[in-house]
Amino acid sequence: MKIHALTADEALRALISSREGLPEKEALRRLAEYGPNEIRKVRGKPLYLRFVAQFTHFLAVLLWVAAAFCFLAEYFRPGEGMASLGLAIIAVIVLNAVFTFVQEYRAEKAVEALRKLLPYNVKVRRNGVRREVPSSEVAPGDIILLAEGDKVPSDARLIKSNGLMVNNAPLTGESDAKARVAEPAEGEFMDSPNIVFAGTLVVRGGGDAVVFATGMSTEFGRIAQLTGTVNPGLSPLQREIIKVTRIIAVISGCVGIFFFGLGLAAGMGFWHTFLFMIGIIIANVPEGLLPTLTLALAMGSQMMARKKALIKTLSAVETLGSVTVICTDKTGTLTENSMELKRVWTPDSGNAAQGKGRRMLMVAAVLANDAVCEGGRFSGDPTEVALLRAGLREAQIKSRRLFEVPFDADRKRMTVVCEFKGSVYAFMKGAPETVMAVCSRTSVSDALVPFDARLRSEAAKAGERMMDEGLRVLSFAYRELGSDWQRGSVSGESLEKEMVFSGIAGLEDPLRDGVPEAVGKCRNAGIRVIMITGDAARTASSVAKLAGFSVSAPVQGSEVEKMTDAELRDRLAQGAVIFARMTPRHKMRVVSVLKDEGERVAVTGDGVNDAPALKKADVGIAMGVVGTDVAREAADVVLLDDNFATIVSAVEEGRAIFDNIKKFVTYILAHLTPEAVPYVMFALFKIPLPLTVMQILAIDLGTETLPALALGVERPESGIMKRPPRQRGGLIDSAVLFRGYISMGIISAVGVLTAYFYVLYGGGWRWGVTLSANNPLARQAATATFLGIVIMQVATVLACRSSVVSVFRMGLFSNRLVLAGIVLELLLAAFIVYHPFGNRIFGSAPIGMDVWLLMVPFAVVLLSVEEARKYLARKTGA
Amino acid sequence: MYNNVLAAINEFTNSEVAAAFAVTFSRVCGARLILYYADEGKGKDAASHAEAALERLFAHAVYEGVEVERIVEKGSPFDKIPRQVSANSIDIMFMATRHEDASRRFFTRTLPRELMLSLPCSVVLARIVKFGMPAPHHILAPIRGFLSDVDKRAFFLAALTRGFGSKLTLFHMQEPLISFFHGEISLAPAQREERLPQDVRTYIRAVEAQGVTPFVRTAHGAGRWSVVTESALHRNDLIIMGASQRGLLREIVSGNPVEQTLRDTICNMFVFRP
């Protein structure tokens, strides 16, 4: 049984109801049986569990373990400041957890925005009595009474229609009103003319309908369900961070265990060796990585906002840079959605400029039109505004509308009856095939002639030519009804016949500035751009051609409807890039199939029904100008200008941000070795403590952070949009590990130890002499280690500005933030080294300028080695 | 395989919808159908609703050419239904559950749970959330490994699919591969299909042997929303799941996916116990 295929009475019988409605008691019984008619909040993970999850991901666990080790060490060796380090690590975990948690509300907000689209009260008939009840109390079998301006509360089958027209935009994305009737219909349920859906709006007329689905069982509920539950999974960056932290954990663990074994073999005693192992592991934990990463993404989102892409989900900053496919709308995104009349064709082609056909076409364009011109300002649908503007440019037309058969998406035409030049005329506008179907005559050389097969064929070809140019095509017709015309019981059928065909107009929706260049950039960057539009295939193809797509045969929405996922996958694999006559419900399938194939997908959307696709995509991009609240809430990015070129700029920015994250991860790894090596020396050779815990903290959470953040805003390197999208796992590889831990790390460690021993020996220390942590010489030596690491960080940050381009070619001043970061880093170091307060907090002591100068050659060596490596990399193309 | 079908009716419309499915199933199997109502003494109103439903269903069954019988007796369905099952050699029984039942954890102390655990025949528990559209257009049948009674399950699925001329999708959810360094690794559909367990393949062949060609879909995930989201995404209008009884501890800790789906479903759903 298909409810739309039944007659109204059969539908009532199937729902065990009647035209008089349900008895009150039965309505209540059904309400208890099927639940209230409301969009329920999807019961996801409870809020507290989601908050807890921020404390239990791998990096957080790693930091917890490090903090626990700190407290353990403090217990066994009190007074070394390990407890402070433990507390600082916990503070980092908490701050990050709170920051990330605050980001996670979009699902609820999107569903909340959906709930607002349903009405609060609704008129029903129960037991023959009309009454108003809260929308949540509507039950299956209830008769709802619909009138102009009402929102439909649930999915219902019409049993009576008085010219009912509904706007299904929240469900289908189509803004054109659709006529609804009570007669049975075949075909697809979603397109059935006797069904009204929850959340849609009655724009004209009225009618009675019997409810067959309520709450989450409605089509609207389906959208809410998908919006609330589809999950794009971890972002590429989150996956990368998992990998980075696990690699670091394994390296720290292995190094710790290795030295634990070494310590035991050297006869250091179990507890001493155990604490030594803990120290090594802690020294290897990059406490600053998480806050630096979060701040870098926040700064990236600021930069994107300046480019008119508002970032709602922080990880989207980088995810944009990793996308392999962009699924975009056409109208308003690739094009300006500001129509302009470009071509006019009439059968009177020899006299097109002045012929009657053309004159009447322009009159019809102005009168069969709902756009308004007041004080020179036009408002209304862009197509109608373009026609009105063009018509008024040619002549001032005075008229009064007497009657109208409004446009609807099924008939694809509208007709108005107007007083014009002392008589009464019917004027029609619509899709060529629907207008030509009701025309019997046309005007050639100012004379009316039969609209025969030859002229019809010429008109059809003219329309196709315009579509091939990417124009939107409309036809016009008229019929003189005579001055004595009376409205009476006139119907659409009686008016829309024997019309005189005027001609065809082609309207252009120009491409937005920069779109072909942006599409070209995507092509060079290996990103596939897929157009998903509700427009006709011909128009879509020609716009795609103008925009520079590598055009393939368009796939129609009706084909997608019939395809299995495997078939759709094949079409996408064959390079399909144009999807025409699509509705938002098809978009979700395209996105799902692409994601299933491992693509990283960005998708644009503006309608309510786009929300699930926006949530499902790796990056959902909502239109800020024309988008609905639901779409904006469901998206990760909101475009402030709705422009495709802005997406591509944001992708470019995202790629740069990923490169920059890679740079500062390398930079952070590079100082873990000089932090760990002195500690190994301390434990194995019983030298004075080379670096205090507070100094480690000052480096990891202080001096390191600002230059790392400055690396986060490094300008995109040239050619960033000429390379293919990055592969998974690109953040950290053996080259990054070698560069960070070994190459730069060991040079730094050698420099740092040199400074340490230089101060110790200079102060009269001899090998084997133990010094307490508070000994002035020991404090000076530890300060030298700290300062050495800071100075090597300066060289490292310069070296890390690019993995292949020489820092001198980039220009030392091209990233002023790096310079500012270095200056602040050195000022902070100077404060710790020379200020009594800094000395007290960090256990440091002032040291001479000779130590600063001693470190310079090591910094130069590090930079030189890096420059040599970059030179080789450029030569070999590695 | 199924010669005698029993459909339990009560005063609620969802039992009538569930019984309408039983009519179609009986027609496809050529089985005898018993429409049964146990009057618990809830009042005249309840009885008249149930009897009106019996009337409509009887007429529908006759129209469909099904050999049908009506039985109305007084007493508790907890006692009466098992006796009817035994007395009439019932092979399969259809019954409905309500919004209220589904809100109880583990369906404790509900008729559907008691009968599902105790009856010696196959049991179909119907959760009707969409009243007006009982003829399913596209059925979703989630499947897992370690299936028992493969032939019965395949027969039931195929009979309903054929009976309504529906499309059938067999949906297998897989845990993603986990690598220590890479975390979860998502596989492409072709790779997932290669990893289908042997008994799932056997089940697919058994369904095909019943003359139905199902679509097979695989996906990663095992969360509570996986099946409901899948049905919403592909516009399925009937979910058929196999009953599962987990260990108490496991149910308390991670829940029962069938129970969760039954509670959250947005389309009609059957739980089938062979």
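## Helix packing in chain B

In this predicted model, helix α6 (residues 150-164) of chain B packs against helix α8 (residues 198-209) of chain B at an angle of about 45°, and their axes are 8 Å apart. That angle makes α6(B) oblique to α8(B). The two helices form a right-handed crossing.

On the α6(B) side, the contact is made by B:Val150, B:Asp151, B:Arg153, B:Ala154 and B:Leu157, which meet B:Tyr203, B:Ala206 and B:Val207 in α8(B). Sorted by type, the residues of this contact are six nonpolar, no polar and two charged.

B:Asp149 lies in the loop between β6 (138-143) and α6 of chain B. Phi of this residue is near 45°, a positive value in a residue other than glycine. B:Asp149 has a relative accessibility of 42% and therefore counts as partly exposed.

## The sheet of chain A

Chain A contains an open sheet of eight strands with mixed pairing, in the order β8-β25-β24-β23-β9-β20-β22-β21. Strands β8 (309-311) and β21 (555-556) of chain A stand at the edges; each has a single partner strand, so one side of each is left without a neighbour in the sheet.

Within this order, β24 (residues 619-623) and β25 (residues 637-639) of chain A pair in the parallel sense over three bridges. A:Met623 has A:Leu639 in β25(A) as its bridge partner.

## Helices lying across the sheet

Helix α19 (residues 537-547) of chain A lies across β20 (528-532), β21 and β22 (578-580) of chain A, and runs at about 150° to β22(A). Helix α25(A) lies across β8, β9 (325-328), β20, β23 (601-605), β24 and β25 of chain A, running at about 160° to β9(A).

## Helix packing in chain A

Helix α25 (residues 644-670) of chain A also packs with helix α18 (residues 515-524) of chain A, at an angle of about 35° and with the axes 8 Å apart. The crossing of α18(A) with α25(A) is left-handed.

From α18(A), A:Val515, A:Ala518, A:Val519, A:Lys521 and A:Cys522 meet A:Phe644, A:Ala645, A:Val648 and A:Glu652 of α25(A). The residues of this contact comprise seven nonpolar, no polar and two charged.

## A positive phi in chain A

A:Ile16 is located in the loop between α1 (8-14) and α2 (24-34) of chain A. Although A:Ile16 is not a glycine, its phi is positive, at about 50°. With a relative accessible area of 21%, A:Ile16 is partly exposed.

Methods:
Residues are numbered from 1 along each chain as its sequence is written. Chains are lettered from A and ligands numbered from 1 in the order in which they are written. This is a predicted model: local features need pLDDT of at least 70, side-chain atom pairs count only at pLDDT 80 or more; totals for chains, interfaces and linings use all residues. Side-chain values use heavy atoms; hydrogens and water are left out. Axes are lines fitted to C-alpha atoms, for helices over the stretch in contact, and angles run from 0 to 180 degrees between N-to-C directions. Helices (H or I, at least four residues) and strands (E, at least two) are DSSP runs, numbered from the N terminus. A crossing is left-handed if the near helix is turned anticlockwise from the far one by less than a right angle, and right-handed if clockwise. Contact means heavy atoms within 4.5 Å. Ala, Val, Leu, Ile, Met, Phe, Trp, Tyr, Cys and Pro count as nonpolar, Asp, Glu, Lys and Arg as charged, and the others, Gly among them, as polar. Angles under 35 degrees count as roughly parallel, over 145 as roughly antiparallel, 65 to 115 as roughly perpendicular and the rest as oblique. Two strands pair if DSSP finds at least two bridges between them. Buried means under 20% relative accessible area, exposed over 50%, partly exposed in between (1.4 Å probe, protein chains only).
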